[in-house]
Amino acid sequence: MNLPLMSFRKLNADKLRRNAPENGNDTPDIRAPHTEIPGIDKPVSRIFFGTAIAPMLAGKNVNALLDAVMAHGINAFDCARGYGFAEKSLGRWVRDRGNREQVVILTKCGNVNRKGEVAVNRKVILKELAASLRALNMDYIDIYLLHRDDPKTPVSEIMETLNECKRAGKIRIFGVSNWTHERIAEANAYAAAHGLDGFSVSSPNFGLARQVNDPWGGECVTVSGPENAAAQNWYAENRMPVLCYSSLARGFFSGKFRSFDYEGAKKVLDGPAQKGYLSEENMRRLRNAEVLAEKYGTTVADIALRYVFGSEMNTFAIMSTTNPARLPENVAAANHPLEQDEVRLLEKDDE
Ligand SMILES: NC(=O)c1ccc[n+]([C@@H]2O[C@H](COP(=O)([O-])OP(=O)(O)OC[C@H]3O[C@@H](n4cnc5c(N)ncnc54)[C@H](OP(=O)(O)O)[C@@H]3O)[C@@H](O)[C@H]2O)c1
């Protein structure tokens, strides 16, 4: 059953109050905070659970893990046609728990293929959307994203097709992943000029670590670091929800190695994590996070997530783990964004 929006507003405000330490509550109910995304008729948690994890890619039953995720207030799930059998795993859990109206399902089409090629056009969108609905065993998707950009396809074709899917009731809102803000603006200008809905969310990489190389191929887009200030300002001004993927830099901020141990980092991080995030400069950012973590008696993962929420953009963190013991720390971080002076301290990386 869908509750009217006003009820959600009240529910979320109450929840946030309960979590607020100044409320005098000794045992806060540590759950992810929620907010509204226009076009979605339920509250959306500030953390999206990333489903590109080994057991879900293999299509395994992960009901116990997803129950724990949901119990921590995370009701939004980032999936993709390109994530092996993850849609199947996710859809099975939703069916078993009968919670479709409580969860926010995001999935994507048009991922880069093994040859490094990208195709995103009308044919791909219609074909992959149908396949996603079948795999998820659902009749609509809350948030539908294009996984990559294919500049060969004009924005007119993309916007007309996505609006058609929306009118057919198959998707609620749509957006992009790994698109530059300039192409998003171009597509949304077309939509506005033709009385169509535009992209309303975007999912680039964003986090404390700068993305030094494209980790996955197919022209990944990051908005991390000072070199992407223009993109950050664009998002901050228009308030478009930014769903930050690899918000812990794919484990770079897991605390499994220290900032002085470059060789140790190589042993811990997988190929894409090394390619995307391992650099001397990011090791300096890790050192800054270690200093702040020490000061606050917390972990670098906590600090790195709080950095994401301390951004002036309207950020949501996409975060993965196979370990439910991580969840309390991660949802607590979402409730306690860093202050701007702390953000600047962490970014002091050019010395
Ligand atoms: N749109 C795109 O192109 C795109 C690209 C990449 C990823 N994604 C999405 O983003 C999701 C997350 O990406 P990701 O896996 O690359 O990176 P991530 O979430 O930044 O990092 C995941 C790593 O962080 C560790 N971790 C999580 N919480 C922790 C904590 N509190 N303390 C210490 N370590 C912690 C996890 O280890 P444990 O398992 O040991 O906890 C895991 O190794 C994916 O599942 C996918 O949904 C999207």
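This is a predicted model: local features need pLDDT of at least 70, side-chain atom pairs count only at pLDDT 80 or more; totals for chains, interfaces and linings use all residues.

Residues are numbered from 1 along each chain as its sequence is written.

Some terms. Helices (H or I, at least four residues) and strands (E, at least two) are DSSP runs, numbered from the N terminus. A residue is buried if 20 or more other C-beta atoms lie within 10 Å of its own, exposed if 12 or fewer, and partly exposed in between, with C-beta atoms placed from the backbone. Contact between two residues means that their C-beta atoms, placed from the backbone, lie within 7 Å.

**Helix H7**

H7 runs over residues 181–193. Its 13 residues should span 18 Å at 1.5 Å a residue, and the end C-alpha atoms are 18 Å apart, which agrees; the expected span is 1.5 Å times one less than the number of residues. His181, Ile184, Ala187 and Ala191 are buried in H7. Seen down the helix axis, the buried residues fall within an arc of 120 degrees, so they line one face of H7. That arc is taken from the directions from the helix axis to the C-beta atoms. On the other side, Glu182, Ala189 and Ala193 are exposed.

What covers the buried residues of H7? The cover includes helix H6 (155–167), strand E7 (171–177), strand E8 (201–203) and helix H8 (229–238). Just after H7, Gly195 takes a positive phi of about 65 degrees.

**The ligand**

Of the 28 residues around the ligand, Gly50, Ala52, Leu248, Ser254 and Ala301 come nearest. Strand E10 (315–319) and helix H13 (327–335) each supply at least two residues of this shell. By type, the shell divides into nine nonpolar, 15 polar and four charged residues. Here Ala, Val, Leu, Ile, Met, Phe, Trp, Tyr, Cys and Pro count as nonpolar, Asp, Glu, Lys and Arg as charged, and the others, Gly among them, as polar.

**Two loop residues**

Gly251 lies in the loop between strand E9 (242–244) and helix H9 (262–268). With 19 other C-beta atoms within 10 Å, Gly251 is partly exposed. Leaving out residues up to four places away in sequence, Gly251 touches Val268, Leu269 and Ala273.

Phe85 is found in the loop between strand E4 (76–78) and helix H4 (86–97). Is Phe85 buried or partly exposed? Phe85 is partly exposed, with 16 other C-beta atoms within 10 Å.

**The whole protein**

To finish, the protein has 14 helices and 10 strands. Of its 351 residues, 46% count as buried. Residues 24 or more positions apart account for 76% of the contacts with a separation of 6 or more.

Key: A residue is near a molecule or strand if its C-beta atom, placed from the backbone, lies within 6 Å of it.
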